[in-house]
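This report is meant for someone meeting the structure for the first time. Please look at the sequence and the model before reading on.

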Amino acid sequence: MTAVGPSAGDGGKKKSARRLPGQGLVEGLGVTLRTMFEGAVTVQYPHEKEEPPTRARGVIALKEENCTVCMLCARSCPDWCIYIEGHKEARPPRRAGGRERSVSVLDRFDIDFALCMYCGICVEVCPFDALFWSPEFEYSEGSIAKLLHDKRKLGDWMEVVPESEPLEVGAEIKAK
Amino acid sequence: MTHLLAVDIGWGWTLAIKTVVVLGLIPLGALILGYTFLLKMMSHMQSRLGPMDPGGFHGWFQLVGDGMKFLQKEDIMPEQADRRVFALAPAVVVISTFLIFVVIPTGPRLVVKDLDVGVFYALAVSSLSIIGVLMAGWASANKFALLGALRAAAQLIAYELPLLLAVVGVVVQAGTMNLNGIVTAQQNGAIFGWDGLGNPYILTQFVGFALFLVAAQAELTQTPFDMPVAESELVSGYMVEYTGFRFLFFFIGEFGTAFAFAALAATLVLGGWALPGVHGGTADLLGPLVLFVKLMAVAFLIFWVRFTYPRLREDQLQAMAWKYLIPIALANILVTGLFKVWL
């Protein structure tokens, strides 16, 4: 955009050189009348449900088996609305003669959606793809305490997580 | 009304029936206009549907529910308010609306009082509402309310003149100030000798009709001219301290007056209750319906303009009335008078 000045703004409107006085007023009436017959763009929500975009930020889902209790999400949460508890368990070695392994097991993973501000930093920061956005938005509650979703409820949300879009050619493919 | 029933039921009952009809008509008219135009037409002009649930069919019950809500609200009165004037003001506004309906004919004999100076009377009582508005603004002891009331007074007085002058053309052409006389003159008139449609004065008094609509818009303090209640400047002007039932009175006054002005315009230039070739008892039966259809057409114009244009500035408002509308109205009277004398 090079032309910046008082004429830049109304450059598009000047189709005809001369306009009759009051022409704009009549055109304005035409706009409202046309809009009146065009039909509504709104959705009558409780009766018909709007389809949110697949990438919409509705609710956060947890894929428990991917979680390593690394606490990155809880630490990066600006609202401190993620509560994580876990413990370590010993597992038998993978190969014969190997060393005994230590695995982190998730005991508690709660997200308080009454505090959450849907910034998505937790989903972004998770290195093991354990957190996902789902466009599902109908989970309001009568009591604010019920907005604390535990790991089972967060795991149930995985069902409404849409399939991720195909990655670019050459990108490393990870599990959902 | 007694003639329609073909029995003489005495003046007491006649008076009672007339009172009930007028008392019922204003809130009903206000509800109909409010629902049809404010809730539905405006919504559709803004690409939405408006209320859809209350009452089942397209939310027709919404305004009744709103009215009930107002009845439940606390009746708040400011501490510094002039209590008696504050309480009386909404009633004055509504009464001026009621009084207009006294002269509007809905049939050859269906009129509360067939005054010989009907037009003059209707416009005179419609300007009574200014007093109510000033009372409300002054008694509220609130500077926003006072500013709103003063703006309203300046505006209503400025537009009273073009409103009156616009109607004079119709009166000159009809040769009477009686509203029923004006309707009959249109019904029995002829367009260049062809009397199939009668002669609705909108054809000859188009300028007068346009002036009347603009002035009525200002009298109703509706959107291009809504400085007295400009919410972004004055919160809501003279109504700012009113709650509950008293606020409801202002609402009924606003939309009831819109109903009255639409009925008045329909009577003056669209032929009122008259259909071509319908006379006598049939006209009495059909009259209210015919008038209602014509009235809704005029109201559509009024509200269409309301929902389209942004608010003018205060000085533009005054300039429009004094510099343009009044001279045009005077010229219209002059031309009408010349035609009346020479044709």
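The model is a predicted one, and its chain A holds 5 helices and 5 strands, which follow one another along the sequence in the pattern α-α-β-α-β-β-α-β-β-α. Of the 176 residues in chain A, 26% are buried.

Where the two chains meet, 14 residues of chain B are in contact with 14 residues of chain A, and the area buried between them is about 1300 Å². B:S47, B:W304 and B:Y309 supply 39% of the area that chain B buries against chain A, which is more than any other three residues.

| Area | Value | Carbon and sulfur share |
|---|---|---|
| Buried between chain B and chain A | about 1300 Å² | 68% |

Between chain B and chain A there are 0 salt bridges, while 6 residue pairs are in polar contact, with both residues at pLDDT 80 or more. On the side of chain B that touches chain A, α2 (10-45) and α12 (280-308) of chain B each supply at least two residues, and the largest share, 5 residues, comes from α12(B). The residues of that side of chain B divide into 9 nonpolar, 3 polar and 2 charged.

Key:
Residues numbered from 1 in each chain as written. Chains lettered and ligands numbered in written order. Predicted model: local features only at pLDDT ≥ 70, side-chain atom pairs only at ≥ 80, totals over all residues. Heavy atoms only, no water. Helix = DSSP H or I, 4+ residues; strand = E, 2+ residues; numbered from the N terminus. Buried < 20%, exposed > 50% of the residue type's maximum accessible area, 1.4 Å probe, protein only. Contact = heavy atoms within 4.5 Å. Buried area = accessible area lost by both parts, 1.4 Å probe. Salt bridge = Lys/Arg side-chain N within 4 Å of Asp/Glu carboxyl O. Polar contact = N/O pair within 3.5 Å; in protein donor to acceptor, adjacent residues only side chain to side chain. Nonpolar A, V, L, I, M, F, W, Y, C, P; charged D, E, K, R; others polar.
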